Amino acid sequence: MAKLIPALLMAATLLAGHRAYAETPPLRIGVNFERTGSISSYGLHALVSAQIAADEINKAGGINGAPIELVIEDNKSSPEQSVIATRNLADKNVLAMLGPVTTAVVRTAFPAANRAEMPAISPGSGAPGIGAQNRPWGFRDAAIDQLIIGDVIGLIHKAYPNATKVVIALDPKDPYQSFLSKNVAPPLLAQNGMVVVNQGALIEIPVDVTDFSVFVTRIKALEPDVILAGIAHEALAGFLKEANRQKLTVPMFSGLGSITDAVADAAKGVHIFAGQPFDPHSDDPKVVAFVKAFRERSERDLPGQYSNPIYADAGAYEGLYMLAAAMREGGITAATPVKEARIKIRDFLATLKGFPGLGNSIDINKDGDAIKKTIVFATQDGAWVRQ
């Protein structure tokens, strides 16, 4: 019986410690993601990543003795609703906001976060200029699209040196795809000796299209050497299936967010190039563990959707860890005044250098944008292959 007393005391101590941790007021982080609406796939998957990170952080003891709590708002894939979601989170006194994921809704959410003086990190927005326009509270843990597309186009030029004629097709209502197709890509193509042959009449593919035959037929008539498919990953898979049916197999490239298994499977005989600052096939132990957890949760919670994480999913996971590091460094607890906590988080993010991400190192530049190494992929035999 005497031998049991130390063990019982230890068990009681541990139980008391767990109870005290569970009863400690949480550090609340807002999540403003696209959970419903036309681009909800991005937000739903990014939320999986954020929840994985929160669970890991809490399992490891939380931040300064307190657990993290995610306060979730659905921006409904709407620029207007993203402003409401941002205001709601600010009113709930969250210490910072993760999201939105896409440029279309970041454009309105970030100014609202600035007005509320609340730090915000987008894990997916990559259009140039967004970070610079939203100083000092807006940050992005994606990558600068201009650098990624420049690397992609350079690789296409190297692989197809005689390619000169480019045709652009895009979703005209998607601000990211529109800016990519009209502003970012054309000058980079010109630098590599390529010209957009339909510059004055870009082929517009509405987001709700399911029959791509007429669009592929129009593109084919222009006899392109290369195609820029400025459409989201769900539509891109359908577009590629129709391109294969009509034997339009010239090389293509696309923007951020297209590196999914469904796109690779649909590509078949088409070589489509894309870049992102994350390699889900890396043998880095942190990446391996994250991909495993992401696949398990995605297959359970989002059946029928992609389960191999893309760059924005990695960005959501990294973004929450960046916020955790900021709170830990600033000694932030539930007793810290919200305004003070937000300033400490903002200042930490603004000077972030060498932060260990998922298979990369993250620096934040003067515009609040992450600097990460570009990884270019191309489809081959139904899979994305690192180039």
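**Loops, bonds and contacts**

Me: Where is P136 found?

Reply: P136 sits in the loop that runs between helix 5 (130-133) and strand 5 (138-140). Helices (H or I, at least four residues) and strands (E, at least two) are DSSP runs, numbered from the N terminus.

Me: Before I go on, what kind of model is this, and how are residues numbered?

Reply: It is a predicted model, in which local features need pLDDT of at least 70 and side-chain atom pairs count only at pLDDT 80 or more, while totals for chains, interfaces and linings use all residues. Residues are numbered from 1 along each chain as its sequence is written, and side-chain values use heavy atoms, with hydrogens and water left out.

Me: OK, back to P136. Is the peptide bond from R135 cis or trans?

Reply: The bond from R135 to P136 is cis, with omega near 5 degrees. A cis peptide bond also joins G99 and P100, where omega is about -5 degrees. P100 is in the loop between strand 3 (96-98) and helix 4 (103-116).

Me: Where do N64 and K76 lie?

Reply: N64 is in the loop between helix 2 (40-59) and strand 2, and K76 is in the loop between strand 2 and helix 3 (79-91). N64 counts as partly exposed at 35% relative accessibility, and K76 counts as partly exposed at 46%. On this scale buried means under 20% relative accessible area, exposed means over 50%, and partly exposed is in between (1.4 Å probe, protein chains only).

Me: New topic. How many salt bridges does a search of the whole structure find?

Reply: The search finds 13. A salt bridge here is a side-chain nitrogen of Lys or Arg within 4 Å of a carboxyl oxygen of Asp or Glu.

Me: Which residue does R28 form a salt bridge with?

Reply: R28 pairs with E69, and the closest N and O atoms are 3.7 Å apart. R28 lies in strand 1 (residues 27-33) and E69 in strand 2 (residues 68-74), so the pair ties together parts that are 41 residues apart in sequence. R28 is partly exposed at 27%, and E69 is partly exposed at 31%.

Me: What about E296 and K292, where do they lie?

Reply: Both are in helix 11 (residues 285-301), four residues apart, which is about one turn of the helix. E296 is partly exposed, with 45% relative accessibility, and K292 is exposed, with 51%.

Me: And K344 with E340? How far is it from N to O?

Reply: That salt bridge is 3.2 Å, N to O. K344 and E340 both lie in helix 13 (residues 338-350), four residues apart. Elsewhere, salt bridges that share partners join D141, E318 and K372 into one network.

Me: Which residues does P26 touch?

Reply: P26 touches P67, E69 and A334, not counting residues up to four places away in sequence. Contact means heavy atoms within 4.5 Å. P26 is in the loop between helix 1 (4-23) and strand 1. P26 and T333 are 307 residues apart in sequence, yet 8.2 Å apart in space, C-alpha to C-alpha.

Me: Now the inside. Which residues of the largest nonpolar core touch the most other members?

Reply: Of its 97 residues, those are I29, F33, I68, F253, M327 and I345. The largest share of this core, twelve residues, comes from helix 12 (residues 311-329). There is also a second, separate core of 32 residues, which includes A169, A229, A237 and M252.

Me: What counts as a nonpolar core?

Reply: A set of buried Ala, Val, Leu, Ile, Met, Phe, Trp, Tyr and Cys residues joined through side-chain atoms within 4.5 Å. In soluble globular proteins, nonpolar side chains tend to be buried together.

Me: Last one. Where is V197 found?

Reply: V197 is in the loop between strand 7 (195-196) and strand 8 (203-204). V197 is partly exposed, with a relative accessible area of 38%.
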